[in-house]
Amino acid sequence: MARKATATKAKTQPNVPQFTQEQELEAFREMLLIRRFEEKAGQMYGMGLIGGFCHLYIGQEAVVTGITMASEKGKDAQITGYRDHGHMLVMGLDPKGVMAELTGRQGGLSKGKGGSMHMFSNEHRFYGGNGIVGAQASLGTGLAFASKYTGDGSVSITYFGDGAANQGQVYESFNMAKLWNLPVVYIIENNKYAMGTSTERSSATTDFSMRGASFNIPGEQVDGMDVRMVYDAAQRAIEHARSGKGPYILEMLTYRYRGHSMSDPAKYRSKDEVTKYRQERDPIEQVRARLLEGGSITEEELKKIETDIRAVVTEAADFATNDPEPDASELWTDITIKA
Amino acid sequence: MPQILMPALSPTMEEGKLAKWVVKVGDQVKSGDVLAEIETDKATMEVESVDEGTVSEILVEEGTEGVKVNTPIAVVLAEGESASEAAAPVAETAPEPAEAPVAAAEKAAETAPAAAVPAAPKFEPQADPDLPEGVEMVEMTVRQALNEAMAEELRRDKDVFIMGEEVAEYQGAYKITQGLLQEFGKERVIDTPITEHGFAGLAVGAAFAGLKPVVEFMTWNFAMQAIDQIINSAAKQLYMSGGQVKAPMVFRGPNGAAARVGAQHSQDYSAWYSHVPGLTVIAPYSAADAKGLLKAAIRSPNPVVFLENEVLYGSTGLVPQVDDFVLPIGKARIARKGADVTVVSFSMGMRYATQATEKLVAAGVDVELIDLRTLRPLDSDTVIESVKKTGRLVTVEEGWPQGGIGAELAARVMEEAFDYLDAPVTRVTGKDVPMPYAANLEKLALPNVDEVIAAVNAVTYRS
């Protein structure tokens, strides 16, 4: 059911959309790649190979996977905050390049000069990787502006979290996006905690899908742990934006299993809460169960996929461990372009 | 990797307590399972398994304090791995836990001599283009010059667009964009809501996607709302992306003190933006420079902060009528050649400096007057060469003294021409106070011609 651009809250489809086996397998692979990659990144952080901040995406895999499956790869632009590793992996960026950026090596996507929070790809239309909470909301709106200006038919998929949703520039962007009907889909990844502060303690209203109401931007709350629901909602939202109807908001109800960053022991929430999500709502286990339930995929076949993914991650980790640091001369490059 | 190593919770952690084992030898574990809990003075954290397998050995008992980061603490065997295979390296390294492969690599890195900092590449400014013989010079205001520059660049490149408050229908708060809406339409000359932070960020995003935005701030005072996007998003993008993502754009508008508008609407951001690598900062004085440099700024592949001055908008100058008048960014202009003292300024400061120079020359002081025009990259070569000749330097700016452009020039002259100095470098600046409203106080807060003359007299020992 397509929705009019009204201030009323749109409801998530009551019927769970069904995936083909091919889609289930694609989702399984992508999400598992993120999970294993992030676990490895966590381990390498613990070994001192990754410095600074390292924000893991574990638990939220269904969000970026379902949305990217619904987008046009290479055409639609994506931009997010600092929890960005998963976005790049799903968009097809080389895991070796991502991991080597985390370790600050010359083969990293930004030559080791960006780090965990700053990676980009013009080719895949991924615009970061932004370290300032909320800045990507305006930047992503600008990507949509460029789409409308050039008429290239692309949609800007702009992610931010429940924490960034309280930043002023988000609303400045909502206003302009609707005023000019820009093709942007705002994905609010509500993982319930802005660092250590729960949405209840930080937000006067916690239904973030309604945050566009005063600008007449339609919004939906989506089960962000079920990749099918994410995909389904994303298709609707992207179609809405691409057809010239302007911005759309999807609030993804999701959960991060790990702390805000590696140095966060996450003592602000109960162990039971984390365990409950992991055991009952895990996005990957949901797909695995459905695949096995169908009977056409065996445990062994899934095991094979896991082994393959583990090999990709191990290769990335090895590369990122052994690749040299950038040459000292890189200190002075890429500051400005010689005209 | 069968060994589980003691992890670091933060980049600064060196050791911690192995508080508790959650698994025991023989347990099956898979990715994400909690193996142990570790503690530091700051936090407690769980160690999760990354691999699947069986816990075959626990190497550090629970309750052990001071376990060094990267010490093997347990062995987890994956399916098909034998205990002997795994145990061998552990046995070898156990007495010297710091010799785990990663730690060893790090240790090697630590003991290796630190690489020398490579020298910064030197900026080589280009000279102004030669004008054709007998070129027609037309008198126009700075306002007209800026307007022509934008109109010409909008005609030349369809990726260029203008956005800002009141730039279209209203024809510009200071009429710099007059007529542009009529010629280029509302798709390219765009009125924004009053949301500097938002539209500056939007323009940076559009530049990432390949457009060439010209963002007009009604004044640079309001751009304080947007400074995060200018610095964190635009200026740093190329570097952070390893050269991949560009932000070719111009942020422009009136900067510096206006008249009688008080502290929040009267300040000079020259030094602020000139501090930031990745930005180009231009602050023209004359109409010709305003035109030639704004055209260059719009064509630049880099983010440019273009600082105009409201008081100068109505001042006139001669602008050469050539087809495409573009000036080089980063080149100072010697406004008057002289031998006794070097006076350096830019933008509105040039007005005080020029008037002072006229009086000083009349009094017999042979002033060399330099207009910086661009503040980053700063053409210090021109200044240094001049100081080597005159032995004296006076800088003039409207901004505050601490960390100002004059302070920077003083440092560079000290570093590169110390032995040539016959007098201390002297700064004429705005006073170190917020801009007062009262007419008399405002006048006192700003630099003036007499102060420039006094400074020149002091460094030439004429006072």
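The chat below goes through one chain and its contact with another.

Modeller: This is a predicted model, where local features need pLDDT of at least 70, side-chain atom pairs count only at pLDDT 80 or more, and totals for chains, interfaces and linings use all residues. Residues are numbered from 1 along each chain as its sequence is written, while chains are lettered from A and ligands numbered from 1 in the order in which they are written.

Biologist: How many helices and strands has chain B?

Modeller: Chain B has 13 helices and 22 strands. Those are DSSP runs, numbered from the N terminus: helices are H or I with at least four residues, strands E with at least two.

Biologist: What is the radius of gyration of chain B?

Modeller: For chain B it is 31 Å, whereas a compact globule of 463 residues would have one near 23 Å. The radius is taken over C-alpha atoms, and the globule rule is 2.2 Å times the number of residues to the power 0.38. The C-alpha atoms of chain B fill a box of roughly 95 × 60 × 50 Å along the principal axes.

Biologist: And which domains are assigned in chain B?

Modeller: Domain 1 (3-107), domain 2 (137-320) and domain 3 (334-459). Such bounds come from an automatic or database domain assignment. The centres of domain 1 and domain 2 of chain B, over C-alpha atoms, are 56 Å apart.

Biologist: New topic: how many residues does each chain put into the contact?

Modeller: Chain B gives 56 residues and chain A gives 49 residues. Two residues are in contact if their C-beta atoms, placed from the backbone, lie within 7 Å.

Biologist: Which element supplies the largest share on the chain B side?

Modeller: That is α5(B), with 10 residues.
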